[in-house]
Amino acid sequence: MASVSKQREIELLKKKKLSFSERAALTWRSMKENKINYLLIMPFMVFFTLFTIIPIAASMVLSFTRYDILNTPIFIGWNNYLRMFLEDSVFLIALKNTLKFAIITGPVSYLLCFIFAWFINDLSPVARAFFTVVFYAPTLANVYFIFQYLFSSDMYGLINSIMMNLGMIDEPIAWLKNTKYMLNIVIIVQLWCSLGTSFLSFIAGLQNLDPSLAEAGAIDGVRNRFQELFYITLPQMGGMLMFGAVMQISSSFAVGGISSSLLGNPSVDYAGHTLVLHISDFGHTRFELGYASAIAVVLFAMMILSKALINKLLARFSHD
Amino acid sequence: MKDKSASSVLRSFLAVVMILIMAFSMTTFVFADEVVENDATAAGDTAAGAEKEETSTNNSYGPADTVIPEGSNNETQVSVVGFYRSGRYVDYYTEYQQYDVALPEIKVDATQIVSATAPNEIKASYEGRNQVVVTKGAGSLTYQINVSKTGMYAICLEYFPLLGDGNGKDYEIAVMVDGKYPHSDAKRFSLKRNWADEEDESAFDSVGNELYSKQVESAKWMTKDIRDPDGVFDDAVKFYLTEGVHTITISVNTGVLALDSIRFYNDGEEMSYADYIAMNDSKGAADAMEEFVLEAETYIDKSESLIQPAYDRSDPKVTPYSISKTRLNVLGGENWNTNGQTVNWQIEVPEDGYYTIGVRYRQSYVEDSTSFRRIYIDGEVPFEEANAVGFPFGSGYNYKVLGDVDENGKAYDFKFYLTKGQHDLSMEVVIGDMARVSREAEDIVYQLNYIYRKIIMVTGTTPDTYRDYELDKKIAGLMDMFKSVHEDMLLVEEEVIAINGNLGSASIINTLKLQLQDFIAKPYVIPDRLSTFKDNISTLSSWMLALRNQPVQFDKLVFAGSGIVPTRQVSNFFENVSHEVRAFISSFVDDYTSVGAESSTGRDLTIWVGTGRDQATVLKTLTTNYFTPETDISVNVGLVPLGILEKAIVAGRGPDIALHIGRATPMNLGFRNAVYDLTQFSDFEEVTKRFSKYALVPYTLSTNDDAGNPVKKVFALPETQDFKLMFYRSDIFAELGISAPNTWDELDDVLPYIQANNMTVGLDPNASGETFYTLILQSGHTPYREDGTATNFTEQYAIDAFERWTRYYLQYDLPTDYSWYSRFRNGEMPLVIQGYSSITYLQESAPELNGLWKVAPVPGILDKETGVINRTDQSSGMSGCMIIERTIKKAKNPEQKLQDAWTFMKWWTSADIAADYGNRVEMAIGSVARYSTANLQAFEKIKWSSDEAAVIKAQREWTRETPELVGGYYVSRNIINAFRNVVNNSANPREKLFYYNNEINDEIWRKRSEYHLSVPEEARK
């Protein structure tokens, strides 16, 4: 086909060294050639640009300003970043907590997602559908409010009253107000509701495996399920694993909702403070949007870095 | 605390080991001697916690007779006096029941006053009556009567409500016989006023929606029996009067009225329906052949301004009918639900004869329950059965012909004999069949709570389930109390079954009954089941409450001559379908949101409300009916979550005025120049006089102007103001022999008595440290510097206050997290400090406690020099309204708009409108939502009783507002941090307060300098 040859021509041209104007002309030509493709991705690109790219760019710009929402932003250079790393002790707490979250909940929930998906995959279709809903429900419905009752500091709170009945404690513990327990509780709850999108994608991935490979493996002497898992199942699931890891680990940087609804924002002594909560504290409560944007930029950078790291780690499963 | 819990874990572990050893040694008799020793240590260990309490109890902080001595051989003497209540009307009536027979009537002319404390004037003729007495203020009127026959007399007053006092509240009436209250309920009678719509004719707005009429008091001569305030008696309240001369004192404690006569009577048994028919038959009454309809919303007047016509377009047969426009076509509903509320209609009867009365009604409010009404025709209940006519539950509209069920369980319709011409018809809310049950259930709830309290005084709220407390021996009379309650419950169960045919929603009675049987048979299971026992009590109590709720909505009344078949009034399937389809189609065509009067000049205001749908609807009603007609400014009301307010302002789509905004918002937006500074209006000073002196403090910013002179800017007007009161259980305090504390020192004194009985006190630390502020204010200082540029937390008085505050949680171990309501109710927390709006909450939801709790101002600090107790209280919540300058500036004619907005603010915070709004919201949501208005005059019109109002006003005198600081969000969070550090980790209070105080001040100064506001010297370093 003509267009195929033209594309090849364009690719050849790309490899040559060209001046900027030549390159622009080339790009324009290639866009015209592929206008159908551009048309097809346009709906997505419009929204992606409007609601993701522009806001990211805007917050990068705003991070160099002092902006209180109501008045015009004032350019203040690197001051926000200097303040963040040198003056703001709460930022360091938030950073520490976020990293703790990311390191603990990210990988653990990733593994949990995979293990549960693997287990469920062996069930009959009806049971599989049922358990998928059961495991996915906490993510969907945000039912973690139940933990507020479980961990209520009231002596009639569930855990307090059980422990008091058993004689383990003799006065109620302020689970959600005592810095000793707060972060750990949030991590537990976070794990409980973290079987999210990646869990679903693993289930989908496991369903689409080629059964003939497993059969071939059995004939060739796979002795147990774990061998099958490592040598046959996992290599087939590179894409899903990659997707899951990116989703799970980068989203664990963005935790905050559970912490703020269980512990309040700000929590006592910032014990459950994460970067996202720090952003919302500055953005909503303190009207310092410029500074909040600067934190957001740092968080964004951290996520990008973690993504690169995941790429490296999972390269061996990936087809690309 | 860490050590404590660790040691307790260790202890329980040891206990378990000991028990295991015990169990082991039981089976091996070889070591019998050692067993005894082990046994003793084990028992000692398991009960260690409890024993601690015992020792403290035996140390006897309290008067010996109130604390239960434990662990001794002497059998305890606990008074059971509080268990049986006495002196109430029900006890009084039971005592003199046999005198409740027909008696000769005594009529006293109201002018024959023997003595009076109420200022009054006798008028020869007044409003069509001769010789009446007109009161001019609160007080009593005393009369002398000569009783010819000993008996129980009902009292009937002929009175004329005067509009003079203007607050529109029901009269509070007290009756004394021979200078004494015959029973405790005699202090709290009430008499209703009379209300009507101002306009008789319907009015419509420009879109064609019908407008609500303004409610006005409509005075007329009224003849009313004195009835019990809770409606748990079917009959009028009766007073026992022996033969001879008596003085009767009638006190009118709120409002003024004119009184014509007082009638003492007892007509004996009322006429039964059979006799009524027989009597009329003998007069030659025949069936009527005509039918006529009375629209319920065309009433003449009513006892409550809150019972109003409403619109309902959910049913095809509601009249007047409109598929998409507002037509006021129904009456009542959830607002017409409390005992005593009456509506009066007038009917024109076309011919003499018997009529049946059918009502198209909706009672879809309370499931499985029947709402009752008492029927009056021409001011009289025609026969006994008309005292309580039921409207059973059903979805949507139902049609019911007034009637009853005969002995054989067969339903029959009442025939009312009406002569040709005009007649009055009234219906009054009564509790009906369940009145007696509700009364008895209230007693049961009270007694069970009493028992529960007695038990936790021994076991604590979390009993050791492995220990036998021998409750039956430790609490004198416990088994007798259980048996007595159990018997009462059997009776109630029987009655409920007799009325309803089954227990239905009252199944909790059965559950509790079985539990009590268990408790009686095996007292040792009580500690183990204490928490379910508690839950069962509260379930029973909410069931009892539900019995008193009697809502019903009327569409119309159909009077059909008993000789004809009445027209069908219930819609059929096809009518319903056609209605739904048309309603669906018209929902695309009609704009339901554009309610409202339009301005002829095109001036308009956009107003946002952030609270709730009901509030927004009420506001809309008020503006379309009053504001727009008066000022020719139309108003768009938007129900918007106010969290988006700032963003909307930036986007240029903000409102002109925002209402019900939180306390801190005006300041936050104000120093960022988004809100208009109200001091610029010339009549601002005038307007501020509506509020208490300190009410504007949170909205005031002190700074220097460009020339360096100090200025004050005010960004909002207050709408509500809430502050704390001390709630305490007077019954428990009496039982413990202690009195309510007036000062914190007194609180410290009584705390040990309370805690020795396993109860505690509720002092909520989570609400951003209000107690801390209160303590600072009471020491005569302020938490912040006068100009709001820094805190005063490093001063000695603040440190003292902080130490005192944290000490309550460290030394006295007060809970930091609790549900005050349930613990106050069951007595675990006989003293709590709560916002004053909690008064209605308790009244509504815990009627079994009526008269058992009191409110008082918060504890204070005694000034030793003057002897005055400083009871200053930090105001706990406030909402306000403000003008959004940013939006106004963008308007076509900003000057005009600004003036319009100010007009609205003045109108909105004015006494009449604030009170009207408050009462309407209360009508829509219930008295729990009583409006804590900031307008001092409007407060008088909100339905507080005079006692409650007195306490609230006393506390308000002491209430101070603390300014909202620039950067104020940093204060509360750091106080909480300091508090938690001290309470959780036993950190040094002074050190922590200093540390967090630095954080606070740094933030305040940073923020202030950012906006070029004045900062103190030390901040510039």
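This is a predicted model: local features need pLDDT of at least 70, side-chain atom pairs count only at pLDDT 80 or more; totals for chains, interfaces and linings use all residues.

**Notes on strands, helices and salt bridges**

1. With β25(B) (residues 397–401), β22(B) pairs in the antiparallel sense over five bridges. Its pairing with β30(B) (residues 552–561) is antiparallel too, with eight bridges. A further antiparallel pairing, over three bridges, joins β22(B) to β28(B) (residues 416–418), where B:Leu418 is the bridge partner of B:Gly353. The strand is mostly covered, as 10 of its 10 residues are buried.

2. Next, have a look at the open five-stranded sheet of chain B, in the order β2-β5-β15-β7-β8 with antiparallel pairing. Its edges are β2 (115–116) and β8 (189–191) of chain B; each has a single partner strand, so one side of each lacks a neighbour in the sheet. Within this sheet, β5(B) (residues 139–147) and β15(B) (residues 244–252) run antiparallel and are joined by nine bridges. B:Ser140, for instance, has B:Ser251 in β15(B) as its bridge partner.

3. How do the axes of α9(B) and α10(B) cross? Helix α9 (residues 507–521) and helix α10 (residues 530–547) of chain B have axes that come within 10 Å and cross at roughly 145 degrees, and the crossing is left-handed. Residues in this contact include B:Leu512 and B:Phe519 from α9(B), and B:Phe533 and B:Trp543 from α10(B). The contact residues divide into nine nonpolar, five polar and no charged.

4. Turning to charged pairs, the count over all chains is 59 salt bridges. One of them joins B:Glu158 to B:Lys107, with the closest N and O atoms 3.8 Å apart. B:Glu158 lies in β6(B) and B:Lys107 in β1(B), so this pair ties together parts 51 residues apart in sequence. B:Glu158 counts as buried at 14% relative accessibility, whereas B:Lys107 is exposed at 52%.

5. B:Glu964 and B:Arg663 form a salt bridge with closest N and O atoms 3.0 Å apart. The two residues sit in loops of chain B, 301 residues apart, and both are buried.

6. Finally, please check the network of salt bridges that links residues of chains A and B, among them A:Arg83, A:Asp281, B:Arg973 and B:Glu1003.

Technical notes. Residues are numbered from 1 along each chain as its sequence is written. Chains are lettered from A and ligands numbered from 1 in the order in which they are written. Side-chain values use heavy atoms; hydrogens and water are left out. Axes are lines fitted to C-alpha atoms, for helices over the stretch in contact, and angles run from 0 to 180 degrees between N-to-C directions. Helices (H or I, at least four residues) and strands (E, at least two) are DSSP runs, numbered from the N terminus. A crossing is left-handed if the near helix is turned anticlockwise from the far one by less than a right angle, and right-handed if clockwise. Contact means heavy atoms within 4.5 Å. Ala, Val, Leu, Ile, Met, Phe, Trp, Tyr, Cys and Pro count as nonpolar, Asp, Glu, Lys and Arg as charged, and the others, Gly among them, as polar. Buried means under 20% relative accessible area, exposed over 50%, partly exposed in between (1.4 Å probe, protein chains only). Two strands pair if DSSP finds at least two bridges between them. A salt bridge is a side-chain nitrogen of Lys or Arg within 4 Å of a carboxyl oxygen of Asp or Glu.
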